[in-house]
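Subject: Structure handover

Hello,

Please find the sequence and structure below. My notes on what was found follow.

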Amino acid sequence: MKPITKNLPALCMGLVLLFLTACQKGKQETVEPEAAVSYVDMVYPLLDSKNSRWFFFSSANRPFGMVNLSPDTETNGAWGSGYRYNTDTIRGFSHIHAWQLSGLSMMPVTIDETNEKSVYTDFDSPFDHDKENVTPGYHYVELDRYGIAVSLTSTPRVGFHKYRYPEVDIEKAVLFNLNTVLGPCENSDGVLSQDGAQALSGSFVMQPTRRRPKPLTAYFKIQSNVPITGITQDPDTQNYRATFDTNDQEVLLKVGLSYTSIDNATENLKQELPHWDFDQVVADSKTEWNGLLSRIQVEGGTETAQRRFYTDLWHALQGRRMINDVNGAYPDNTGETFQIGQLPLDPEGRPRFNHYNSDSFWGAQWTINTLWGLVYPEIMAEFSKSMLQYYHDGGLVPRGPSGGNYTYVMTGASSTPFVVSAIQKGLLKDSLETVYEALKKNHMPGGIMGKAGYEHNTTIGGGLTYYIEKGYVPFPLPDGKYGLHQDGSGQTLEYAYQDWTLAQLAKKLGHTEDYDYFMARSKNYTHVFDKNVGWMAPKNEAGAWSDDFDPYAYESGFVESNAAQSTWFVPHDLMGLAALMGGPEKAVEKLEVQFESAEKLGFTSGDSHDAELHPEYRRIPINYGNQPSMQTAFVFHKLGRPDRTQYWSRKVVETVFSGLSPETGYNGDEDQGLMGSLAVLLKIGLFQMNGGTGADPEYLIGSPIFDRVTIALNPEYYSGGTFIIESTQNGEGGVFVKDIQWNGKAMDGYSISHSTISNGGTLQLEMTDRSNNNP
């Protein structure tokens with residue numbers, strides 16, 4: 001791999017012009033960069049794969065593709081499953097690695113008299129990382145037990161397998177584990193049929209989970225490049241194997257998926273992969289990934305820093321998966337009975353947007369809101385439209401849909417800031433009154449705010465009635481347990497912020513009464529601040545504070561956090577929070593002590609999400625391994641001390657987001673692009689404290705680690721061409737911003753508006769090793 005050098009301005013501008021030219025021609029496909037720089041080759045897919053969860057690892061997939069094809073070394077449970085780097089055996093190659101969805105596990109094997117009957121239960125194979133090659137869109141690995149070389153790639157809805165069997169006269173076969181526990185759920189009712197000499201089809205049911213309450217059927221169509229001898233089913237496991245009639249070593253299989261029908265799986269295969277050129281599909285995938293990754297070009301820094309940056313950027317485009325077919329059909333599970341929905345089509349008969357399976361947008365206000373909204377506005381717009389499609393079908397905007405249905409993952413109305421941000425940035429313009437009513441419904445009784453985590457059938461656990469009547473959610477909730485994450489003070493903080501974001505949309509649309517109402521509710525955070533202890537604290541129904549309050553007690557009134565971490569969750573009114581603490585100077589002193597203490601533990605609760613329960617790690621005052629406190633370095637900025645933001649955000653990057661190995665990476669819960677996006681933003685030195693939900697969204701300026709960052713603005717949404725961040729003297733020690741210019745002219749303050757950025761230009765930062773302590 002060739003390292004990216006510090007002197008590529010001509011190449012960078014050429015790439016930008018290529019991108020802009022393609023967009024101006026009306027094309028939505030991405031543009032492959034010049035051969036001198038392959039951003040795909042900069043990506044390190046094995047990052048943090050020791051700590052993988054089911055949907056974390058990716059290799060043979062397209063951006064947000066229905067298919068996410070990769071090896072599974074662990075298969076039981078949503079956590080600790082999928083591709084786990086330190087497990088040295090492969091149990092199959094499955095196509096669906098998504099939020100609460102799994103399935104279609106296939107395993108190539110060889111059959112002889114020794115394993116004719118046992119192969120259905122004893123089929124896993126050791127493998128060696130030295131004989132493995134993983135890049136975005138491609139995975140190669142050798143199965144040592146069988147001597148089979150496996151190559152994988154994909155289109156958005158079609159997995160493409162290439163198996164090279166050993167040069168021996170032996171029966172070649174593939175196992176289809178359609179009835180098995182796979183990751184987060186059980187696959188059952190699996191069937192496989194042979195359709196002529198060289199085709200198979202079938203289906204299986206992903207059974208309900210605690211989080212996804214309804215089953216979902218997946219359908220598939222398979223074409224083989226060689227004749228299929230036949231299929232057999234094992235009476236005990238109910239799984240299948242197909243054998244091939246060929247003297248050639250190489251077998252190719254194209255696998256089309258659908259969540260609506262075999263006919264649509266067939267159509268997906270036909271439309272997306274009509275040929276058998278495996279290498280061409282790998283090249284096409286590389287082109288697509290390069291097109292997205294090249295939207296941000298960085299210069300300067302070390303090769304490792306650049307590789308980690310593009311790995312973070314790649315993760316920012318991972319995890320959330322399309323569920324609709326090429327013709328716009330999709331599974332709608334929001335009603336009493338399952339039905340097949342239909343997305344609106346353009347004049348050419350293509351869906352106007354894709355529909356998605358997605359984990360929660362909890363924490364997205366500090367991550368993908370900013371990154372997608374600026375660099376990938378078409379993606380933010382599409383996800384917003386998808387969420388509104390759920391409202392059209394089921395009556396609620398989701399906070400984490402799976403299988404075409406609501407899951408009520410996490411808490412609050414986390415989709416509100418996302419959609420409001422899309423509107424404020426001009427990405428969503430149509431039917432705004434309808435959008436407002438859809439979002440407002442979630443903030444009122446009967447809406448999604450009233451539901452705690454995975455509370456499917458009631459609206460009690462969210463404590464919304466108490467929040468409206470008393471101004472806070474009690475802890476413990478006197479009504480009992482009705483879901484997960486019933487942590488009243490943490491819920492209160494979240495609701496107050498989300499109410500503020502909805503108020504901004506009400507103001508934009510002229511709903512003055514609603515604006516005043518939700519702005520008043522946005523002050524509810526003050527009701528859970530205990531001035532006697534100086535922290536946000538749990539308060540019971542009677543209004544009494546906890547007698548044994550401990551600011552470091554984990555999940556004692558705060559969602560996936562402690563009081564010390566969550567006290568700063570007032571992104572919409574940090575000066576108001578500071579007033580409760582005795583003023584900005586007192587608040588800055590308090591936060592400075594927290595950062596100094598957190599630094600001793602590496603700013604994270606261990607190196608994985610489950611380590612947050614560790615007796616020592618859970619007492620950390622700031623945790624950059626999970627969402628609730630990942631804005632805290634920029635809190636200084638809003639309190640008049642951008643220099644402390646610059647200092648501590650650079651420390652966090654160096655400590656948490658600079659590693660490049662399977663052993664580390666995000667040190668917690670990456671959650672489908674949230675931590676990857678955060679790392680990107682910290683490294684380019686931009687952040688939006690309120691999630692970009694103000695009238696002209698504000699970007700706070702941090703401490704960029706690169707000499708030059710060039711962002712190609714999508715001309716379908718923004719007219720500026722490029723937005724460039726140049727920073728000089730930003731090497732070791734040069735973390736503070738000494739002087740700021742915009743297009744060569746002095747600029748006041750340490751923030752810049754969205755309208756300014758979207759019109760294009762250059763932000764010039766002169767860095768220094770000394771803080772000037774200016775507001």
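**Salt bridges and charges**

Glutamate 592 and arginine 644 form a salt bridge, with 2.8 Å between the closest N and O atoms (a salt bridge being a side-chain nitrogen of Lys or Arg within 4 Å of a carboxyl oxygen of Asp or Glu). The pair links distant parts of the chain, since glutamate 592 is in helix H15 and arginine 644 in helix H17, 52 residues apart. Helices (H or I, at least four residues) and strands (E, at least two) are DSSP runs, numbered from the N terminus. Both glutamate 592 and arginine 644 are buried, where buried means under 20% relative accessible area, exposed over 50%, and partly exposed in between (1.4 Å probe, protein chains only).

Before the rest, a note on the source. This is a predicted model, in which local features need pLDDT of at least 70 and side-chain atom pairs count only at pLDDT 80 or more, while totals for chains, interfaces and linings use all residues. Residues are numbered from 1 along each chain as its sequence is written, and side-chain values use heavy atoms, with hydrogens and water left out.

The structure holds 26 salt bridges. One of them joins arginine 53 to aspartate 671, with the closest N and O atoms 2.9 Å apart. Arginine 53 lies in the loop between helix H2 (39-42) and E1, and aspartate 671 in the loop between H17 and helix H18 (674-684), so this pair ties together parts that are 618 residues apart in sequence. Arginine 53 and aspartate 671 are both buried. The charged end of arginine 53 also sits over the ring of tryptophan 79, 3.7 Å from its centre. For that description, NZ of Lys or CZ of Arg must be within 6 Å of the ring centre and within 35 degrees of the ring normal. Lysine 539 has its charged end over the ring of tyrosine 472, 4.8 Å from the centre.

Glutamate 766 and lysine 738 meet through their side chains in a salt bridge of 3.9 Å, N to O. This pair also links distant parts of the chain: glutamate 766 is in strand E35 (residues 761-768) and lysine 738 in strand E32 (residues 736-742), 28 residues apart. Glutamate 766 is partly exposed, with a relative accessible area of 32%. A network of salt bridges links Lys131, Glu142 and Asp144.

**Helix H17**

H17 (residues 642-656) has 15 residues and reaches 21 Å from its first C-alpha to its last, close to the 21 Å expected at 1.5 Å a residue; the expected span is 1.5 Å times one less than the number of residues. Of its 15 residues, 11 are buried, so the helix is largely enclosed by the rest of the structure. Among the buried residues are Asp643, Arg644, Gln646, Trp648 and Arg650.

**Aromatic pairs**

A search of the whole structure finds 37 aromatic pairs. Rings of Phe, Tyr and Trp (its six-membered ring) pair if their centres lie within 6.5 Å; planes under 30 degrees apart count as stacked, over 60 as edge-to-face and the rest as tilted. Phenylalanine 634 and phenylalanine 687 form a stacked pair, 4.5 Å centre to centre with 15 degrees between the planes. Phenylalanine 634 lies in the loop between helix H15 (584-599) and helix H16 (635-638) and phenylalanine 687 in strand E28 (residues 686-687), so the pair ties together parts that are 53 residues apart in sequence. Phenylalanine 634 is buried, with a relative accessible area of 1%, and phenylalanine 687 is buried at 0%.

One aromatic cluster is formed by Phe64, Tyr356, Phe361, Trp372, Phe383 and Phe418.

**Nonpolar core**

A nonpolar core is a set of buried Ala, Val, Leu, Ile, Met, Phe, Trp, Tyr and Cys residues joined through side-chain atoms within 4.5 Å. The largest has 195 residues, of which Phe176, Ile296, Trp372, Phe595, Tyr624 and Phe657 touch the most other members. Apart from it lies another core, of 8 residues, including Tyr138 and Phe278.

Leaving aside neighbours within four places in sequence, phenylalanine 176 is in contact (heavy atoms within 4.5 Å) with residues including Leu104, Met106, Leu192, Ile222 and Tyr240.

Regards
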